[in-house]
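Reader: Could we go through this model together, a few residues at a time? I would like the terms spelled out as we go.

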Amino acid sequence: MKTGRLHSIETFGAVDGPGIRTVFFLQGCPARCAYCHNPDTWNPSAGREVELEEIIYRAKRGVPYYGEEGGVTFSGGEPLLQGEFLLEAIDALHKEGIGVAIDTSGTYFDEFSDAVIAACDMVLLDVKHIDEQMFTELTGRGQGPLFDVIDSINKHDIPIWIRQVIVPGFNDTPEYIEALNKFIARIDTVKKVELMGYHNLAESKYEKLGINYKLKDVKPMDRERLGKLSSLTRIA
Ligand code: SF4
(Lines give C-alpha, C1' and ligand atoms only; values in the text may rest on other atoms or scores of the structure.)
Protein backbone atom coordinates (compact mmCIF):
# COMPACT_ATOMS: atom_id res chain seq x y z
CA MET A 1 0.00 0.00 0.00
CA LYS A 2 1.30 3.47 -0.91
CA THR A 3 2.04 6.09 1.70
CA GLY A 4 1.65 9.81 1.18
CA ARG A 5 3.46 12.89 2.43
CA LEU A 6 1.38 15.19 4.52
CA HIS A 7 1.86 18.81 5.52
CA SER A 8 -1.14 19.24 7.82
CA ILE A 9 -4.80 18.46 8.42
CA GLU A 10 -7.66 20.90 8.90
CA THR A 11 -10.84 19.64 10.50
CA PHE A 12 -14.16 21.43 9.99
CA GLY A 13 -12.84 23.23 6.91
CA ALA A 14 -15.54 25.46 5.44
CA VAL A 15 -13.82 27.12 2.48
CA ASP A 16 -12.16 24.32 0.50
CA GLY A 17 -15.26 22.94 -1.18
CA PRO A 18 -18.93 22.70 -0.27
CA GLY A 19 -20.16 21.84 3.23
CA ILE A 20 -17.93 20.94 6.16
CA ARG A 21 -14.75 19.17 5.11
CA THR A 22 -11.65 17.50 6.44
CA VAL A 23 -8.83 19.05 4.43
CA PHE A 24 -5.59 17.15 3.96
CA PHE A 25 -2.81 19.48 2.86
CA LEU A 26 -0.38 17.25 1.01
CA GLN A 27 3.30 18.07 1.01
CA GLY A 28 5.17 19.14 -2.12
CA CYS A 29 4.52 21.63 -4.89
CA PRO A 30 6.29 22.17 -8.22
CA ALA A 31 5.04 25.78 -8.45
CA ARG A 32 6.51 28.82 -6.74
CA CYS A 33 3.56 31.20 -6.75
CA ALA A 34 4.68 34.69 -5.85
CA TYR A 35 1.82 35.05 -3.34
CA CYS A 36 1.87 31.50 -1.93
CA HIS A 37 0.65 31.40 1.69
CA ASN A 38 2.29 28.07 2.36
CA PRO A 39 5.88 28.04 1.12
CA ASP A 40 6.49 25.40 3.80
CA THR A 41 4.51 22.97 1.60
CA TRP A 42 6.91 23.28 -1.35
CA ASN A 43 9.61 20.76 -0.42
CA PRO A 44 8.29 17.28 -1.36
CA SER A 45 10.59 15.63 1.21
CA ALA A 46 9.39 17.75 4.13
CA GLY A 47 6.20 17.15 6.12
CA ARG A 48 5.65 13.62 7.35
CA GLU A 49 4.79 10.26 5.92
CA VAL A 50 1.13 9.33 6.25
CA GLU A 51 -0.54 5.97 5.81
CA LEU A 52 -3.91 5.46 4.21
CA GLU A 53 -5.31 4.18 7.51
CA GLU A 54 -4.68 7.54 9.14
CA ILE A 55 -6.39 9.39 6.28
CA ILE A 56 -9.43 7.13 6.59
CA TYR A 57 -9.48 7.34 10.38
CA ARG A 58 -9.26 11.15 10.39
CA ALA A 59 -11.79 11.49 7.57
CA LYS A 60 -14.29 9.19 9.28
CA ARG A 61 -14.21 11.32 12.43
CA GLY A 62 -15.83 14.12 10.42
CA VAL A 63 -18.65 12.01 9.00
CA PRO A 64 -21.34 13.29 11.45
CA TYR A 65 -20.66 16.84 10.23
CA TYR A 66 -20.33 16.38 6.46
CA GLY A 67 -24.03 16.23 5.63
CA GLU A 68 -25.02 15.93 1.99
CA GLU A 69 -22.33 18.18 0.56
CA GLY A 70 -19.23 17.90 2.74
CA GLY A 71 -16.45 15.35 2.80
CA VAL A 72 -12.72 15.36 2.22
CA THR A 73 -10.59 17.78 0.23
CA PHE A 74 -7.02 17.03 -0.76
CA SER A 75 -5.18 20.31 -1.10
CA GLY A 76 -1.53 21.24 -0.89
CA GLY A 77 0.97 21.96 -1.97
CA GLU A 78 -0.14 20.34 -5.19
CA PRO A 79 -2.10 17.14 -4.54
CA LEU A 80 -1.66 15.79 -8.09
CA LEU A 81 2.03 15.36 -7.23
CA GLN A 82 0.91 12.32 -5.20
CA GLY A 83 -1.47 10.82 -7.75
CA GLU A 84 -0.80 7.16 -7.03
CA PHE A 85 -1.49 7.66 -3.32
CA LEU A 86 -4.58 9.74 -4.11
CA LEU A 87 -6.06 6.99 -6.27
CA GLU A 88 -5.91 4.57 -3.33
CA ALA A 89 -7.14 7.18 -0.88
CA ILE A 90 -10.12 8.25 -3.01
CA ASP A 91 -11.15 4.65 -3.56
CA ALA A 92 -10.91 3.88 0.18
CA LEU A 93 -12.84 7.04 1.12
CA HIS A 94 -15.57 6.26 -1.38
CA LYS A 95 -15.90 2.80 0.16
CA GLU A 96 -16.64 4.62 3.44
CA GLY A 97 -19.27 6.73 1.66
CA ILE A 98 -17.16 9.91 1.90
CA GLY A 99 -17.09 12.33 -1.04
CA VAL A 100 -13.71 13.65 -2.21
CA ALA A 101 -12.56 16.88 -3.82
CA ILE A 102 -9.10 17.87 -4.92
CA ASP A 103 -7.83 21.43 -4.91
CA THR A 104 -5.32 21.71 -7.75
CA SER A 105 -3.26 24.59 -9.04
CA GLY A 106 -3.11 23.45 -12.66
CA THR A 107 0.69 23.48 -12.48
CA TYR A 108 1.24 19.72 -12.58
CA PHE A 109 -0.15 16.76 -14.50
CA ASP A 110 1.30 13.26 -14.83
CA GLU A 111 0.26 9.72 -15.80
CA PHE A 112 -1.98 9.40 -12.70
CA SER A 113 -3.67 12.78 -12.87
CA ASP A 114 -6.43 11.93 -15.35
CA ALA A 115 -7.49 8.93 -13.26
CA VAL A 116 -7.42 11.00 -10.06
CA ILE A 117 -9.67 13.65 -11.60
CA ALA A 118 -12.00 10.96 -12.98
CA ALA A 119 -12.28 9.44 -9.50
CA CYS A 120 -13.05 12.73 -7.70
CA ASP A 121 -16.51 14.03 -6.89
CA MET A 122 -15.39 17.55 -7.61
CA VAL A 123 -12.34 19.66 -8.42
CA LEU A 124 -11.36 23.07 -7.12
CA LEU A 125 -9.15 24.66 -9.75
CA ASP A 126 -7.00 27.63 -8.83
CA VAL A 127 -6.52 29.51 -12.07
CA LYS A 128 -3.27 31.31 -11.47
CA HIS A 129 -3.51 33.57 -14.52
CA ILE A 130 -5.11 33.10 -17.92
CA ASP A 131 -2.25 34.78 -19.78
CA GLU A 132 0.56 32.32 -20.45
CA GLN A 133 3.38 34.76 -19.76
CA MET A 134 1.81 36.09 -16.56
CA PHE A 135 1.06 32.53 -15.45
CA THR A 136 4.73 31.67 -15.73
CA GLU A 137 5.78 34.93 -14.11
CA LEU A 138 3.52 34.24 -11.12
CA THR A 139 4.11 30.51 -10.71
CA GLY A 140 7.44 29.69 -12.35
CA ARG A 141 5.61 26.98 -14.35
CA GLY A 142 4.23 26.59 -17.88
CA GLN A 143 0.50 26.61 -18.59
CA GLY A 144 0.40 23.12 -20.20
CA PRO A 145 -0.78 21.26 -17.06
CA LEU A 146 -3.66 23.73 -16.63
CA PHE A 147 -5.05 22.71 -20.02
CA ASP A 148 -4.46 19.03 -19.25
CA VAL A 149 -6.49 19.44 -16.03
CA ILE A 150 -9.28 21.24 -17.92
CA ASP A 151 -9.36 18.55 -20.65
CA SER A 152 -9.60 15.86 -18.00
CA ILE A 153 -12.41 17.67 -16.15
CA ASN A 154 -14.35 18.03 -19.40
CA LYS A 155 -13.71 14.43 -20.42
CA HIS A 156 -15.03 13.07 -17.12
CA ASP A 157 -17.72 15.71 -16.57
CA ILE A 158 -16.51 16.57 -13.06
CA PRO A 159 -18.14 19.50 -11.20
CA ILE A 160 -15.68 22.28 -10.61
CA TRP A 161 -15.21 25.46 -8.62
CA ILE A 162 -12.91 28.03 -10.16
CA ARG A 163 -10.81 30.05 -7.77
CA GLN A 164 -8.73 33.04 -8.76
CA VAL A 165 -6.50 35.14 -6.55
CA ILE A 166 -6.77 38.79 -7.55
CA VAL A 167 -3.43 40.58 -7.22
CA PRO A 168 -3.26 44.37 -7.62
CA GLY A 169 -1.31 45.22 -10.75
CA PHE A 170 -1.55 41.66 -12.11
CA ASN A 171 -5.21 40.93 -12.73
CA ASP A 172 -7.39 43.43 -10.80
CA THR A 173 -9.31 44.85 -13.74
CA PRO A 174 -12.80 44.35 -15.19
CA GLU A 175 -11.08 43.45 -18.49
CA TYR A 176 -9.29 40.59 -16.80
CA ILE A 177 -12.52 39.28 -15.29
CA GLU A 178 -14.19 39.45 -18.69
CA ALA A 179 -11.27 37.47 -20.15
CA LEU A 180 -11.51 35.01 -17.23
CA ASN A 181 -15.21 34.52 -17.99
CA LYS A 182 -14.32 33.68 -21.59
CA PHE A 183 -11.48 31.41 -20.52
CA ILE A 184 -13.65 29.29 -18.23
CA ALA A 185 -16.43 29.08 -20.82
CA ARG A 186 -14.42 26.12 -22.17
CA ILE A 187 -15.37 24.12 -19.04
CA ASP A 188 -18.94 22.79 -19.05
CA THR A 189 -19.20 21.92 -15.37
CA VAL A 190 -18.30 25.14 -13.54
CA LYS A 191 -20.52 25.48 -10.48
CA LYS A 192 -18.92 28.49 -8.84
CA VAL A 193 -16.36 31.20 -9.52
CA GLU A 194 -14.66 32.65 -6.48
CA LEU A 195 -12.29 35.60 -6.50
CA MET A 196 -9.95 35.82 -3.53
CA GLY A 197 -8.11 39.02 -2.65
CA TYR A 198 -4.33 38.97 -2.43
CA HIS A 199 -2.94 39.65 1.04
CA ASN A 200 0.58 39.67 2.34
CA LEU A 201 0.09 37.86 5.65
CA ALA A 202 2.53 35.14 4.65
CA GLU A 203 5.46 37.53 4.25
CA SER A 204 6.86 36.69 7.68
CA LYS A 205 6.90 32.97 6.78
CA TYR A 206 9.18 33.80 3.86
CA GLU A 207 11.52 35.71 6.16
CA LYS A 208 11.70 32.74 8.51
CA LEU A 209 12.40 30.36 5.61
CA GLY A 210 14.96 32.74 4.08
CA ILE A 211 13.01 32.97 0.80
CA ASN A 212 12.74 36.21 -1.11
CA TYR A 213 9.14 37.53 -1.10
CA LYS A 214 8.61 38.81 -4.64
CA LEU A 215 5.47 40.88 -3.99
CA LYS A 216 6.91 43.06 -1.21
CA ASP A 217 5.71 46.23 -2.91
CA VAL A 218 2.21 44.98 -3.71
CA LYS A 219 -0.56 46.21 -1.41
CA PRO A 220 -3.30 43.82 -0.23
CA MET A 221 -6.35 43.76 -2.48
CA ASP A 222 -9.01 46.30 -1.56
CA ARG A 223 -12.16 44.49 -0.37
CA GLU A 224 -14.63 46.84 -2.02
CA ARG A 225 -12.85 46.61 -5.34
CA LEU A 226 -12.74 42.83 -5.01
CA GLY A 227 -16.50 42.82 -4.42
CA LYS A 228 -17.06 44.86 -7.57
CA LEU A 229 -14.88 42.51 -9.61
CA SER A 230 -16.65 39.49 -8.10
CA SER A 231 -19.98 40.85 -9.31
CA LEU A 232 -18.62 40.64 -12.88
CA THR A 233 -17.88 36.93 -12.73
CA ARG A 234 -20.35 34.65 -14.36
CA ILE A 235 -20.66 30.95 -14.77
CA ALA A 236 -20.45 30.26 -18.46
S1 SF4 B 1 0.34 26.07 -6.24
FE2 SF4 B 1 -0.42 26.56 -4.20
S3 SF4 B 1 1.04 25.63 -2.78
FE4 SF4 B 1 2.01 25.67 -4.80
S5 SF4 B 1 3.21 27.55 -4.80
FE6 SF4 B 1 1.21 28.01 -5.71
S7 SF4 B 1 -0.07 28.76 -4.04
FE8 SF4 B 1 1.72 27.70 -3.13
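Author: Let me begin with a term: buried means under 20% relative accessible area, exposed means over 50%, and partly exposed lies in between, with a 1.4 Å probe and the protein chains only. This is a predicted model, in which local features need pLDDT of at least 70 and side-chain atom pairs count only at pLDDT 80 or more, while totals for chains, interfaces and linings use all residues. Residues are numbered from 1 along each chain as its sequence is written, and side-chain values use heavy atoms, with hydrogens and water left out.

Reader: Fine, so is Asp114 buried or exposed, or in between?

Author: Asp114 counts as partly exposed because its relative accessibility is 22%. Asp114 belongs to helix α4, residues 113–119, where helices (H or I, at least four residues) and strands (E, at least two) are DSSP runs numbered from the N terminus.

Reader: And what does Asp114 touch?

Author: Not counting residues up to four places away in sequence, Asp114 touches Phe109, Ser152, Lys155 and His156, contact being heavy atoms within 4.5 Å. As for distance, 20 Å separates the C-alpha atoms of Asp114 and Gln27, which are 87 residues apart along the chain.

Reader: Let's change topic. What volume does the largest pocket have?

Author: The volume of the largest pocket is about 760 Å³. On a 1 Å grid over the protein atoms alone, a cavity is a set of points where a 1.4 Å probe fits but cannot get out, whereas a pocket is an open set with protein on both sides within 12 Å along at least five of seven lines, and lining residues have an atom within 4 Å of a point. Grid points are joined across faces, edges and corners, and a volume is the space filled by probe spheres set on the points.

Reader: Which residues lie nearest the centre of the largest pocket?

Author: His37, Asn38, Asp103, Asp126 and Arg163 lie nearest the centre, out of 30 residues that line the largest pocket. By class, that lining has 11 nonpolar, 12 polar and seven charged residues, where Ala, Val, Leu, Ile, Met, Phe, Trp, Tyr, Cys and Pro count as nonpolar, Asp, Glu, Lys and Arg as charged, and the others, Gly among them, as polar.

Reader: Where does the ligand sit?

Author: The ligand sits in the largest pocket, which by definition requires more than half of its atoms to lie within 2 Å of the grid points. Around the ligand are Cys29, Ala31, Arg32, Cys33, Cys36, Thr41, Trp42, Gly77, Ser105 and Lys128, a residue being near a molecule if one of its heavy atoms lies within 4 Å of it. By class, this shell has five nonpolar, three polar and two charged residues.

Reader: Tell me about Arg32, then; where is it placed?

Author: Arg32 is in the loop between β2 (21–26) and β3 (48–51), and at 35% relative accessibility Arg32 counts as partly exposed. Leaving out residues up to four places away in sequence, Arg32 touches Trp42, Leu138, Thr139 and Lys214.

Reader: And Gly77, where is that?

Author: Gly77 lies in the loop between β4 (71–75) and α3 (83–95), and the peptide bond from Gly76 to Gly77 is cis, with omega near 5 degrees. Most residues other than glycine have a negative phi, and most peptide bonds are trans.

Reader: On that note, which phi does Phe12 have?

Author: Phe12 is not a glycine, yet its phi is positive, about 55 degrees; Phe12 is in strand β1 and, at 48% relative accessibility, is partly exposed. Asp157, also not a glycine, has a positive phi of about 60 degrees. Asp157 lies in the loop between α6 (144–156) and β7, and is exposed, with a relative accessible area of 53%.

Reader: Last one: what is Thr104 in contact with?

Author: Leaving aside neighbours within four places in sequence, Thr104 is in contact with Glu78, Leu80, Val123, Leu124, Leu125, Asp126 and Val149. Thr104 is found in strand β5 and is buried, with a relative accessible area of 0%.
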